[in-house]
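Me: Hi! I'm new to this one and would like a friendly walk through it. Could you have a look with me?

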Amino acid sequence: MDALNLPPFDYKITKSGVNYLIFDALRRKNVVLTPEEWVRQHFVHYLIGTLGYPKGLISIERGTSYNTLQKRTDLCIYNQHGNPHLLVECKAAYVPITQDVVKQVSVYNQTLQAKYVVITNGLQHFCWQVNFETRKFEPLQEIPRWEV
């Protein structure tokens, strides 16, 4: 797997048949290790270990619907009231962050209405604060730390 622009963590990889699996501490099970999962696991550990987000408020690959389409969010972090706070879209390291990726996550967020949106491929990380009144994404220099 690629080296990422995220802090390392103590991961556990096993092999099952032709697949490599990585242990997901939030889902408490081994999941297939894809390039996107590699980024997602690193980012989860960054959110918890560096930015102070509580494990219990992080949801992985939860289904949501937009109009009649069923979508899955990579990561959604909720606030203390159960409302979406931070939406994260993870891509594999070789996937460039393009306008289409930004559009994808903005469509997801029309339903969720998270205050912050992050897109990462493990090498580049982009964060925006969403202003729902003006319907604009305001770029931020850093991903916000957990607010208590």
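Me: Let's start with tryptophan 128. Which residue is its bridge partner in S9?

Reply: In strand S9, tryptophan 128 has proline 139 as its bridge partner. Just so you know, this is a predicted model.

Me: And how do S8 and S9 pair?

Reply: Strand S8 and strand S9, which covers residues 136–140, pair in the antiparallel sense over five bridges.

Me: Which residue takes a positive phi in the hairpin of S8 and S9?

Reply: That is arginine 135, with a phi near 60°. Four residues sit between the strands of that hairpin.

Me: What about S7, how many bridges join it to S8?

Reply: Five bridges join strand S7 (residues 116–120) to strand S8 (residues 125–131), and the two run antiparallel. Here valine 117 stands opposite tryptophan 128. The hairpin of S7 and S8 also has four residues between its strands, and glycine 122 takes a positive phi near 85° there.

Me: Switching topic: in what order do the three strands of the open sheet come?

Reply: The order is S1-S2-S3, with antiparallel pairing. Strand S1 (13–16) and strand S3 (29–32) are at the edges and have a single partner strand each, so one side of each has no neighbour in the sheet. On average, neighbouring strands of this sheet are turned by 40° against each other, direction ignored.

Me: Which helix packs on the sheet?

Reply: Helix H1, residues 35–49, packs on the sheet and touches S1, S2 and S3. The direction of H1 makes about 20° with that of S2.

Me: How many bridges do S1 and S2 pair over?

Reply: Four bridges, in the antiparallel sense, with strand S2 covering residues 19–24. Threonine 14, for instance, stands opposite leucine 21 in S2.

Me: Which residues form a nonpolar patch on the surface?

Reply: Tyr11, Ile13 and Tyr20 form one, with about 290 Å² of accessible area together. Isoleucine 13 lies in strand S1. At 37% relative accessibility, isoleucine 13 counts as partly exposed.

Me: Now the charged residues. Why would they pair up at all?

Reply: Side chains of opposite charge can pair when their charged atoms come close. In this model the count comes to six salt bridges.

Me: Which residue does arginine 27 form a salt bridge with?

Reply: Arginine 27 forms one with glutamate 37, and the closest N and O atoms are 3.0 Å apart. Arginine 27 lies in the loop between S2 and S3 while glutamate 37 is in helix H1, so the pair ties together parts that are ten residues apart in sequence.

Me: Are those two buried or exposed?

Reply: Arginine 27 is partly exposed, with a relative accessible area of 25%. Glutamate 37 counts as buried, at 4% relative accessibility.

Me: What does arginine 40 form a salt bridge with?

Reply: Its partner is glutamate 36, with 3.4 Å between the closest N and O atoms. Both arginine 40 and glutamate 36 lie in helix H1, four residues apart, about one turn of the helix. Arginine 40 is buried at a relative accessible area of 2%, whereas glutamate 36 counts as partly exposed at 25% relative accessibility.

Me: And which residue does glutamate 89 form a salt bridge with?

Reply: Lysine 91, with the closest N and O atoms 3.2 Å apart. Glutamate 89 is buried, with a relative accessible area of 5%, and lysine 91 counts as buried at 14% relative accessibility.

Me: Which residues do salt bridges that share partners join into one network?

Reply: Asp24, Arg27, Glu36, Glu37, Arg40 and Asp74 are joined that way.

Me: Last one: is histidine 85 buried or exposed?

Reply: Histidine 85 counts as buried, at 6% relative accessibility. Histidine 85 lies in strand S6 (residues 84–90). Leaving aside neighbours within four places in sequence, the contacts of histidine 85 include Tyr53, Ile77, Tyr116 and Trp146.

How values were computed:
Residues numbered from 1 in each chain as written. Predicted model: local features only at pLDDT ≥ 70, side-chain atom pairs only at ≥ 80, totals over all residues. Heavy atoms only, no water. Pairing = 2+ DSSP bridges. Axes fitted to C-alpha atoms, helices over the stretch in contact; angles between N-to-C directions. Contact = heavy atoms within 4.5 Å. Patch = residues over 30% accessible without salt bridge, like charges linked within 9 Å, V, L, I, M, F, W, Y side chains within 5 Å. Areas by Shrake-Rupley, 256 points an atom, 1.4 Å probe, with all protein chains shown as cover. Salt bridge = Lys/Arg side-chain N within 4 Å of Asp/Glu carboxyl O. Buried < 20%, exposed > 50% of the residue type's maximum accessible area, 1.4 Å probe, protein only.
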